[in-house]
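Here is a short report on one protein model. Keep the sequence and the 3D view open as you read.

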Amino acid sequence: MPRVAVKSVADAGRKFPREFALLHQLGGTDKDVDSEALLKGAPVYGDAAAVKSLVEGKDSIEFEQLAKAFAKKSQSASVEGPEGNCLGWAARDGSGTLAPYKFSRRQLQPNDVMIKITHAGMCHSDLHTIKGDWGPAKYPVVPGHEIVGIVTDIGSSVKKFKPGDRAGVGVFVQSCRECGMCKAGEDIFCPKLVYTYNATQYDGSPAQGGYSTHVVVDETHSFTIPTNLDLAGVAPLLCAGITTFSPYKDHGLDKAGLKIGVVGLGGLGHMAVKFGVAFGCEVYVISRSKAKEAEAKAMGAKAIIPSGDEAAMKEAAGTLNGIIDTVSAKHDVNALLALLAPRGRMVVVGLPPDMPTINHFAVVQRNLVYSGSSIGNLHTTQQMLDFCGEKGITADVEVIDMEYVNTAMERMKEGDVKFRFVIDINKSLAL
Ligand SMILES: [Zn+2]
Ligand SMILES: [Zn+2]
């Protein structure tokens, strides 16, 4: 691959965070860059003609010239909101409509990393929160807790990252690190947990999410990302990925040869299938009909068990060692419990609005476990990302521009996405 030396990169992360992030995103390092990748990225992220004339036939280029060729016009000129150093898209009320909003991230503290966001995944929680479905929101709310990007600056005590590294942020940005839960590595149960958005940080400032140009976070609450994975496909791992990876680990379902049922083949379900297959399990997708069988098989699933087909459900009864139920709509939980073998474990990660009635006979007589699981701890999240790097696992995504986000929310509500929307922030949002 032809590589071009890049000169004067020092401090580029601070001065030109977006272009610096692009350099690294498009196959660059601090010393050189893959010119083919640059030319390929130019029509999407910059001025194709300018990039071409800069790169073609050259052995070296100045970073500032490269930055100019990739510069994107700021969209913040006519944005409401206080003066600030960050541009996001926020919901102002329960209509849930997102629009540009300027605000400030905190100044870099000694343990902080500044991450220029390249991609943000769209999670159903984003939609529920901005609509106020789970209680009144702290408007304005910038959603997004599936965040990936490039580190552009680090605090004086940071050890894990250097500028140019890939980094990710998930569902929470602060936990106290002092309580019993934190010390036991069970950070998600910390009473002082601060979620990535719709929350208040320890310094009193509102936590705002990843539908924005950059994020500042303590290095302990950010993750390293394997360099072999496509960043757009990595973003959903930070919520959909860890949410479905944790049940396998916590319940010992990550063993080759186990028979696992995954209920629902959406954003969460398709990740649960990929993990199960990577662990060597025999994975079955439980879906109303066989309509999605080709897609399920393409991900490595053995077959679909159609929950709407009584005979098929009877045939599969008592065969599964574990079930990961990702469905958030009302559904028959007892029909699923019937599929479990003795001592089988069902782990629910979806949040249906109704309270299901559990058939205690089924649970007691066959020693079943009916359990829930929420996101995942910090160390498990890093373990999951490293595992994805080893196995080459990413989410299947539809990449969109920021301007499309409100339409994407509507489509997400209808389940019309395969399998996760991811916003290309570097392409479509600039301060
Ligand atoms: Zn989420
Ligand atoms: Zn704690």
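The sections below cover the basis of the model, the zinc site and the nonpolar cores.

## Basis

This is a predicted model, where local features need pLDDT of at least 70, side-chain atom pairs count only at pLDDT 80 or more, and totals for chains, interfaces and linings use all residues. Residues are numbered from 1 along each chain as its sequence is written, chains are lettered from A and ligands numbered from 1 in the order written, and side-chain values use heavy atoms, without hydrogens or water.

## Zinc site

Four cysteines hold the zinc ion (ligand 2) through SG: Cys176, Cys179, Cys182 and Cys190. These donors (N, O and S atoms within 2.8 Å of the metal, or 3.2 Å for Na, K and Ca; water is not among the atoms, so sites may look incomplete) lie 2.3 to 2.4 Å from the ion. Their spacing in sequence is C-x2-C-x2-C-x7-C.

The angles run from 103 to 118 degrees, so the arrangement is tetrahedral (four donors, all angles between 85 and 135 degrees). Cys176 and Cys182 are both buried (under 20% relative accessible area, 1.4 Å probe, protein chains only).

## Nonpolar cores

A nonpolar core is a set of buried Ala, Val, Leu, Ile, Met, Phe, Trp, Tyr and Cys residues joined through side-chain atoms within 4.5 Å. The largest has 76 residues. Phe70, Tyr248 and Phe275 have the most contacts inside it. A second, separate core has 44 residues, including Leu127 and Val405.

Notes: Buried < 20%, exposed > 50% of the residue type's maximum accessible area, 1.4 Å probe, protein only. Tetrahedral: all angles 85-135°; square planar, octahedral: opposite > 155°, others 65-115°.
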